[in-house]
Structure formats: C-alpha cells, structure tokens
Amino acid sequence: MALVEVNNLVKRYTSAGPNAVDAVSFEIHAGEVFSLLGPNGAGKTTTISMISTLLTPTAGNVVVDGHDVQREPMAVREVIGVAPQDLALYHDLSAEENLRFWGEMRGLGGAELKREIAEKLALMDLSDRAKARVKTFSGGMKRRLNLAVGLLGNPRLVMLDEPTVAIDPQSRRYILDYVKRMNADGATVLYTTHYMEEAQELSHRIGIMDQGRLIALGTLEELTRQVGEHETLVLKLHQEGGGAALAEALTGCEDVFEASASNGEVTLNVDSAQAALPLALAKAGDLGLSIRTVDIREPNLETVFLHLTGRALRD
Amino acid sequence: MQRLRAMIRNEFLLEFTSPISLFFFLVLPLLFTAAVGAGLGGMMDQDADTPQEVRIPLYVQTQDQGSLVEALLAVFPEANLQPELVEVLPEEQFGLEIPAYFSAALLNGDMVTLTLHTLPDNSSSFAVEQAVRAAQGRVGGAALVAKMGLEQARQAGVVSTPEEELQFFREVLNEVLATAQQPPATAQVRWAEGATITDDANAMATSAEQASAGQLVTWVQITLLGAAEVLVSERLGGTLRRMLVTPASRFVVLLGKLLGRLALGLLQMTILLVGGALLFGVNWGRHPLAVALVSLAFAIATVSLGILLATVVKTRGQAGSIVVGLSMGMAALGGAWYPLEITPPLYRQVVQILPSTWAMRAYTDLLARGANLVQVLPYVGILLGFALVFLTVGVWRFQRYE
Ligand SMILES: Nc1ncnc2c1ncn2[C@@H]1O[C@H](COP(=O)(O)OP(=O)(O)O)[C@@H](O)[C@H]1O
Ligand SMILES: [Mg+2]
C-alpha cells in the first residue's frame with residue numbers, strides 16, 4: 001500500500017521562473033526506504049517541503065496516509081517527522097531543552113516525553129551532552145540532534161533531507177546505521193541525498209532527480225539495468241586539468257557511450273573496458289596526458305545518472 | 001494549549017539564556033528610571049527651598065483689577081517668575097492673559113481660562129508653565145478658603161458692609177497665602193479646579209511619575225517589538241519552518257510566538273511598575289485595574305506591531321536596528337522622555353498615530369490627573385484598535401509566508 005502518493009507535482013517559486021519541481025510523480029510504499037537522489041538544485045528539498053505541508057504546490061497533489069496535504073495538512077503532520085536539510089535547532093538551548101520543546105510541539109508530554117527524550121539522546125549517542133548548549137556541539141553532533149528531533153514520537157513517515165552533509169565519517173556511519181535500524185522497526189523513510197553510495201546502501205527504491213524532474217525511478221537493479229550490460233571505466237590523470245579534453249576526445253568514439261570529466265577523473269561508460277582502454281590510452285597520449293590509475297567498475301547510480309543526463313552526479 | 005505553553009516557556013528560556021538579557025530586561029530600565037527621574041527633577045519639580053538666582057520675566061496683561069490678580073502676582077516671585085503688568089503682551093516673551101472675570105469666577109468656584117504664551121524652543125517654558133499652574137492653584141485654593149471664611153464671618157455678624165467684607169476677605173486671603181508657603185500638593189491643587197490654562201487643561205506628572213511611566217513605555221517596547229527580531233531569527237534559523245510541520249496550525253504557531261513575547265513584556269511591566277512604586281515612590285496603586293488594563297492593551301498593540309514588522313523585515317540585523325530605533329523613536333515622540341504638555345499642539349496631533357502616545361496619556365492621567373478606570377477606557381479602546389490593525393495585516397502576511 002502506498003503511504004505517500006505524489007501526483008504530477010509542480011512548484012514554481014516565481015511566476016516567471018522555472019519549475020523547481022516539474023511534474024514529479026512517485027509513490028512511497030509503507031515500510032520502505034525511498035531515496036531521492038540528485039545534485040544540488042535538483043528539487044529534492046522543494047519536493048519534501050510540499051510533502052510535509054510546508055510549501056503549497058503550484059500544481060498536482062500529494063496524499064499522505066490517505067490525507068491530501070493541502071486539504072488536511074494537520075492530519076498529515078500527525079503522521080510525519082522531518083529532519084530538515086538546514087539545521088533547525090535552538091543553538092542557545094541544551095540538547096535536552098530542544099528535544100523537550102519539539103516533543104511538546106509534537107504533542108508529547110509527561111512520562112512519555114521524558115522517555116522519548118532519554119531514548120533519542122541515547123540513540124544518537126548524545127546522552128552525556130544532554131545538558132550542554134547546542135552551540136558547543138560539533139557539526140556531527142548537531143546533525144544527530146537535528147535528526148533526533150525529527151524522530152520524536154516515532155512518526156510513521158520520516159523524511160530526512162540530506163542528513164549527512166558536511167559531517168565526519170563516524171557521525172555519518174552512525175546516521176546511516178540508524179536509518180536502517182529505524183526502518184527495520186517499521187518506519188517508512190523518505191531520504192534525500194546527492195551521495196549515490198548512500199542511496200545505494202539504504203534504499204529499497206530510488207528516484208533520480210535532475211533540474212526539477214524525476215528522470216528515473218526503481219530499485220537499484222532496475223536502474224542499473226537501464227545502462228545496459230555496460231562497464232564503467234574510470235581514468236585518473238596526472239594532469240588535473242586534462243580531464244575535460246580527454247572526455248571530449250573520447251565522446252562519440254565507437255563503444256564509448258558516455259564520457260565525462262570531473263576532478264581530474266574521466267568516467268567512461270563503455271561496452272567493454274578491455275576494448276576501450278587501449279583507445280583511451282592512445283587518445284590521452286595524443287593530448288600529451290598521462291594516466292595514473294585505471295579503475296573498472298560495475299554500473300552504479302553514478303553511471304545511471306551519467307547515462308541519463310550526460311553529466312556527472314557531483315559536478 | 002500544551003503547545004502554547006511550550007512556546008511561551010521556550011520564549012522565556014531563549015530570552016534568559018544569557019545574563020546580558022537580564023541586564024536589558026531589568027537593570028537598565030530601573031537605572032534609567034532613577035537617572036531620568038533625577039534629571040527631570042532638576043527641570044520639573046520647582047523647589048521653594050532653593051530659589052534660583054535668575055528670575056524669568058513674565059509679562060501679564062489683565063482685564064481684571066480684582067484682588068485675586070494682585071494675590072496671583074504676589075505669588076509669582078516665589079516661583080522665580082518676575083511678573084510685569086503691560087497693556088500689550090510683547091512678542092517672543094512669556095506672556096499671561098488674565099480675563100476680566102478672573103476674580104469673580106474663582107470666587108464662584110467656576111472655571112477660568114488663563115492664556116499662557118510660552119516659547120516652544122525655550123528650555124524654561126516648562127518651568128514657567130508649572131509655576132503659573134502652581135500659582136493659580138494656590139490662589140484658587142486660598143480664595144476658596146477665604147470665601148468660606150467670609151461666609152462664616154457673615155453668619156456670625158462679624159462683617160456687615162461690603163467694604164468690611166472686602167477687607168475681611170483680603171486679610172484671610174493673605175493669611176492663607178502666607179501660611180501656605182509651600183505650594184499645596186498636586187492633588188490639592190486640582191481640588192481647587194478654579195482656573196485652567198488654555199494651552200493645556202491638564203496637570204502634569206511629577207518627575208518621578210514621568211520617568212517611571214516613560215521608561216516603562218520605552219523598555220517594554222524594546223521587549224515587545226522584539227517579537228520581530230525573534231520571529232525573523234526563527235525564520236532564518238529554520239525553527240519556524242520546523243514548527244510549521246508539527247501538528248500545530250499556523251494560527252497556533254503565531255499565537256504562541258505572540259503570547260510568549262506578550263508574557264515577557266507583561267512580566268517586565270509588572271517589575272517596572274512595582275519598582276517604580278517601591279523605589280521611586282510613584283503612586284501606581286491608586287487604580288490598579290486601570291493601570292493593568294492600559295498596560296495590557298499597550299502591550300498587545302506593541303507586540304502586534306512587532307509581529308507585523310517580522311513579516312516585513314528581511315534580516316536579523318535589520319530587525320535588531322528597527323526594533324531599537326523604533327522603540328526609542330516612538331517613546332521619545334510619544335512623550336515618554338519629556339511631557340507632551342510642553343510640545344506644540346500640531347506636534348501633539350501628529351504623534352497620535354503612535355500607541356506610545358496613548359499609553360503615556362493614559363498613564364499620566366492616572367498618575368497626575370486622578371483619572372479612574374472609566375476615564376482611561378477610551379485609551380484602552382484606542383490601543384486595542386491599534387492592535388487589531390497591526391494583527392490583521394500581520395496575520396494576513398504570515399499566512400502567506402512560505
Ligand atoms: N525559496 C526559494 N525561492 C526561489 N527559488 C528557490 C527557493 N528554494 C529553492 N529554489 C530553487 O529551486 C530549485 C530546487 O531547489 P531545492 O529544492 O533546494 O533543490 P535540492 O534540495 O535538490 O538541492 C533550485 O534551482 C533552487 O535555486
Ligand atoms: Mg536540498
């Protein structure tokens with residue numbers, strides 16, 4: 001059963017401007033982790049904001065747990081918990097004071113609230129800093145608290161908007177593990193990220209967004225199958241700036257489906273890595289470039305994005 | 001209900017996270033009340049024990065040659081005024097017009113209109129006005145006493161002819177004026193409501209009253225308009241958006257923010273009222289309910305303006321400077337820093353667009369003019385009218401916020 005139905009959703013911030021979200025449709029099934037993967041500006045946050053009743057859609061509609069977000073926003077808010085992309089905390093208050101306030105705003109109180117606060121602090125490994133002011137926290141601790149607030153009251157649908165940006169690997173691991181655990185305990189999760197590894201690791205299904213549009217939707221296998229029986233060849237150059245020229249030289253060559261460059265790396269989507277490698281080496285030589293490492297990969301979401309857009313996910 | 005309580009508590013927590021805020025909330029306002037009260041005291045409260053060296057010339061044009069004019073003129077020097085009778089009042093000088101019916105009316109206990117020409121830019125204007133007011137109060141009071149004495153004398157047969165009566169009256173009048181060297185207390189002056197000054201028909205607050213009411217209005221405005229700063233920083237900090245995805249309606253969220261600030265403002269008002277009474281001897285307790293209603297209405301109007309500002313202002317810095325600037329500006333213009341009575345009539349008309357003006361009027365009426373609850377109700381109504389306008393626009397804009 002679909003816990004969330006998104007139908008032809010459109011958001012335009014200014015009447016003359018482009019569609020920040022452009023005719024997006026998808027469903028989130030109860031019990032799954034659904035990821036929206038896309039680069040910055042793809043429209044992920046805007047989509048989450050409409051699902052969470054914060055933004056009014058320009059067109060289309062969203063139904064959460066049978067309630068239309070525009071007609072019954074309060075019923076929708078009862079079901080959801082949100083950890084926004086930008087930290088939304090009171091930095092002058094302690095972790096505990098924050099949790100208490102947000103818990104009360106969610107309608108929790110008394111012994112239940114106390115239990116929830118203690119539990120969430122423990123889950124996010126913040127118990128020993130409960131009384132410390134948030135402004136003294138590290139970036140990772142703030143992120144964890146921001147997440148904990150979104151989980152208060154164990155909402156049935158949890159929306160996490162890029163919960164791992166700009167934090168240390170340890171906190172990141174902590175959050176990813178927690179999302180899995182929470183999902184195992186029954187929560188449905190809408191997760192957005194621009195890290196394909198996270199989407200790959202966590203999700204049952206993934207929607208890929210770019211420039212406001214949902215350009216692909218499915219399980220990891222379904223998505224990678226779109227690329228075909230291809231392989232990915234990643235060449236790292238000694239010359240940082242030479243990637244673009246090599247990618248250009250290889251574009252259109254036989255058996256090279258896509259070529260893109262970023263950070264001194266050239267990513268090729270090819271029929272056979274074995275066949276393409278000599279060609280790539282020759283072209284590099286023509287351009288006076290030397291190759292430092294060669295990596296052959298199975299198709300992944302990065303390749304899928306490249307395949308669909310002609311651009312790398314992290315430009 | 002629980003959410004409103006949570007939001008109010010949160011407002012207090014946030015306000016008092018740093019000791020500095022307590023300083024602004026409490027310490028500074030009381031210090032300013034003391035300092036301003038002392039400063040105004042030098043200017044406002046004429047003290048008979050310490051006559052000033054320089055006497056201010058006051059030109060007097062009278063159509064009445066009666067005995068009370070004489071008495072009035074005789075009282076002026078005590079208040080550092082040097083009266084001089086003239087046919088025509090000179091321009092650009094302090095001048096007083098006494099109508100022909102002055103003595104007769106005072107003796108009948110009727111209203112008399114004295115016209116005082118003051119100099120708007122002159123720092124002594126205020127002192128002159130006070131002095132004239134005090135003088136007419138003394139003479140009016142003395143005249144009433146003398147008149148009552150004359151009635152007694154007449155009944156006892158002590159006086160019979162009009163000449164004897166006049167003689168008797170003058171003696172008693174001089175006696176009373178001489179024994180009452182100190183000007184009677186403000187309340188008693190008003191008991192002898194015999195004469196008024198056209199320029200403004202009202203008594204003025206003492207320096208302590210003016211300072212207590214004025215500083216209350218000033219500092220409480222900073223707290224209440226601070227709703228703008230708080231809301232803007234919640235908007236920019238993302239916490240407002242987070243509130244709007246909890247199961248609380250937009251209305252409840254806005255109401256919670258409003259009530260939180262309002263509660264803070266009312267707490268501060270209470271402290272400043274009690275402080276004004278205990279530390280500076282201001283009689284706030286004459287009509288407690290009236291003071292409470294005026295304060296509440298003023299607080300609601302001001303916090304509503306704060307909410308409205310929040311929907312207009314873009315950045316936190318902007319909000320901060322607007323809050324402080326507007327608080328100070330509205331306080332000063334509205335008569336919180338110096339009495340409106342010394343300002344020109346046009347000015348007084350213009351500043352009626354400020355809630356602070358009406359709060360100051362209501363407070364001054366309560367403190368200095370013996371007004372009661374019913375008499376300040378119109379002010380309460382006007383202040384609530386301001387609140388309604390600010391809130392309507394503010395809520396409308398807030399509902400459209402994304
Ligand atoms: N409040 C806003 N006003 C105008 N444009 C916005 C606003 N928020 C986002 N946008 C634009 O909408 C597009 C989608 O943004 P966003 O949903 O934040 O993307 P993502 O979360 O995927 O990075 C971007 O082009 C962004 O610049
Ligand atoms: Mg985003």
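In this predicted model, a nonpolar patch on the surface is formed by Ile20(B), Phe23(B), Phe24(B), Val27(B), Leu31(B) and Phe32(B), whose accessible area together is about 570 Å². One of these residues, Ile20(B), belongs to helix α2 of chain B, which spans residues 19–44. Ile20(B) has a relative accessible area of 55% and counts as exposed, because the cut-off for that class is over 50%. As general background, nonpolar side chains in soluble globular proteins tend to be buried together.

**Nonpolar cores**

The largest nonpolar core holds 133 residues, and the members that touch the most others are Val4(A), Ile51(A), Val64(A), Leu160(A), Met182(A) and Tyr363(B). Helix α12 of chain B, residues 288–310, gives the most to this core, contributing 13 residues. Apart from it lies another core of 38 residues, including Ala71(B), Leu96(B), Ala153(B) and Val159(B).

Leu160(A), one of the residues named for the largest core, is in contact with Ile48(A), Ala83(A), Leu147(A), Val179(A), Met182(A), Val189(A), Leu190(A), Tyr191(A) and Thr192(A), when neighbours within four places in sequence are left aside.

**Chain A as a whole**

Chain A contains 11 helices and 14 strands. Among its contacts with a separation of 6 or more, 70% join residues 24 or more positions apart. Further values for the chain are tabulated below.

| Property of chain A | Value |
|---|---|
| Box filled by the C-alpha atoms, along the principal axes | roughly 75 × 45 × 40 Å |
| Buried share of the 315 residues | 53% |
| Accessible surface | about 13200 Å² |
| Share of accessible surface belonging to carbon and sulfur atoms | 47% |

Terms used:
Residues numbered from 1 in each chain as written. Chains lettered and ligands numbered in written order. Predicted model: local features only at pLDDT ≥ 70, side-chain atom pairs only at ≥ 80, totals over all residues. Heavy atoms only, no water. Patch = residues over 30% accessible without salt bridge, like charges linked within 9 Å, V, L, I, M, F, W, Y side chains within 5 Å. Areas by Shrake-Rupley, 256 points an atom, 1.4 Å probe, with all protein chains shown as cover. Salt bridge = Lys/Arg side-chain N within 4 Å of Asp/Glu carboxyl O. Helix = DSSP H or I, 4+ residues; strand = E, 2+ residues; numbered from the N terminus. Buried < 20%, exposed > 50% of the residue type's maximum accessible area, 1.4 Å probe, protein only. Core = buried A, V, L, I, M, F, W, Y, C linked by side-chain atoms within 4.5 Å. Contact = heavy atoms within 4.5 Å.
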